Amino acid sequence: MTIWCLGSVNADHFYRLPHLPAPGETLAASDYSRGLGGKGANMAVAAARGGAPVELVGAVGPDGLWMKARLADYGVSVRHLAEIAEASGHAIISVDAAGENQITIYGGANRALEPARIDTAFAEARECDIFVCQNETNLQRAGADIARSRGLRVVYAAAPFEVEAVREMLDVADLLVLNAVEARQLEEATGLAPEALPVAGIVITLGADGVRWIDTKTGQSRDFPAVAVTAVDTTGAGDTFTGYLLAGLDRGMSMEAAIPLAAKAAALKVTRRGTADAIPSLSEVETWAPPAHG
């Protein structure tokens, strides 16, 4: 099977700061680095490193060819990653001493996708495949509609959170993945608790409190514990979780087995600096023993 990711590709510019800046505050960075990122690229890399075949559908500009090459190095198929005239997307990421971050995103080429490219890419998709998208590109609903028409399972990661974007996707998504803050924002916007949403399955990441899986068909939910680590950079943790979750499902794992694996992968990732470049391989995740806490 194949995971089809309609997603963003960003150049991540990292600045390490003593603390996140307050309004009007100027801070000197102690370190700078550039890496591969974007929620689409992160999920695609995580899914590929988690053992699944992955096709990334998106776009980069003339300044983004290094990102396309790096994605290929990580095992992601870039046959449908277009090269267009628009500048590539990028992100300015400030990371403090505790590993928390503050991010500013420029969409660029990620927001300039053309419907014809989506049609061409998904002409190859099969019923047993998985489609995943998030909110850093245009054409999410168009891509999901095409995927659904071809029998794919539609997965939607509701980040960065945009109320109208989420409303547009709820009736076409089979699985919704979001964090605790996004779940609360969605409930406030719709007046519906997660278990009442018109989506068959919902996965909510709860940070240090773990993960909650809600099966709306049966009305049942299950909580999974977090993997306790000392984080140095939380950027991309949710994307790593989502990519590994889908890779596990693609490889035939049950949700009960795929969630703990994905949580472990995300925990290992936050012990490293960077985004897509810091996502661990499946062998690393399987052999890693988290440090004892408490």
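Q: How do you know what share of the contacts in the protein joins residues 24 or more positions apart?
A: Contact means heavy atoms within 4.5 Å. Among the contacts with a separation of 6 or more, 64% are between residues 24 or more positions apart. The model is predicted: local features need pLDDT of at least 70 and side-chain atom pairs count only at pLDDT 80 or more, whereas totals for chains, interfaces and linings use all residues. Residues are numbered from 1 along each chain as its sequence is written, and side-chain values use heavy atoms, with hydrogens and water left out.

Q: How many helices and strands does the protein have?
A: Helices (H or I, at least four residues) and strands (E, at least two) are DSSP runs, numbered from the N terminus. The protein has 9 helices and 13 strands.

Q: Why is Ala59 called buried?
A: Buried means under 20% relative accessible area, exposed over 50%, and partly exposed in between (1.4 Å probe, protein chains only). Ala59 has a relative accessible area of 2%, so this residue is buried. Ala59 is part of strand β4 (residues 54–60). Leaving aside neighbours within four places in sequence, Ala59 is in contact with Leu81, Ala82, Ile84, Ala109, Asn110 and Leu113. Over the protein, buried residues make up 53% of the 294 residues.

Q: Is Trp213 buried or exposed, and how do you know?
A: The relative accessible area of Trp213 is 15%, and therefore Trp213 is buried. Trp213 lies in strand β12 (residues 211–215). The residues that Trp213 touches, not counting those up to four places away in sequence, include Ile202, Phe224, Met255 and Ile259. Trp213 and Ile202 are 11 residues apart in sequence, with their C-alpha atoms 5.8 Å apart in space.

Q: What makes Ile146 count as buried?
A: The relative accessibility of Ile146 is 18%, so Ile146 counts as buried. Ile146 belongs to helix α4. Beyond neighbours within four places in sequence, Ile146 is in contact with Ile118, Asp119 and Phe122. From C-alpha to C-alpha, Ile146 and Ile118 are 8.3 Å apart, while 28 residues separate them in sequence.

Q: Why does Arg126 count as partly exposed?
A: Arg126 has 45% relative accessibility, so Arg126 counts as partly exposed. Arg126 is in the loop between α3 (115–122) and β8. Not counting residues up to four places away in sequence, Arg126 touches Met1, Thr2, Arg150 and Leu152. The C-alpha atoms of Arg126 and Arg150 are separated by 6.7 Å, although these residues are 24 positions apart along the chain.

Q: Why is the aromatic pair of Tyr15 and Tyr32 called tilted?
A: Rings of Phe, Tyr and Trp (its six-membered ring) pair if their centres lie within 6.5 Å; planes under 30 degrees apart count as stacked, over 60 as edge-to-face and the rest as tilted. For Tyr15 and Tyr32 the centres are 5.2 Å apart and the planes are at 45 degrees, which is a tilted pair. Tyr15 lies in strand β2 (residues 10–16) and Tyr32 in strand β3 (residues 31–37), so the pair ties together parts that are 17 residues apart in sequence. Tyr15 is partly exposed at 29% relative accessible area, and Tyr32 is also partly exposed at 43%. The count by this rule comes to 3 aromatic pairs.
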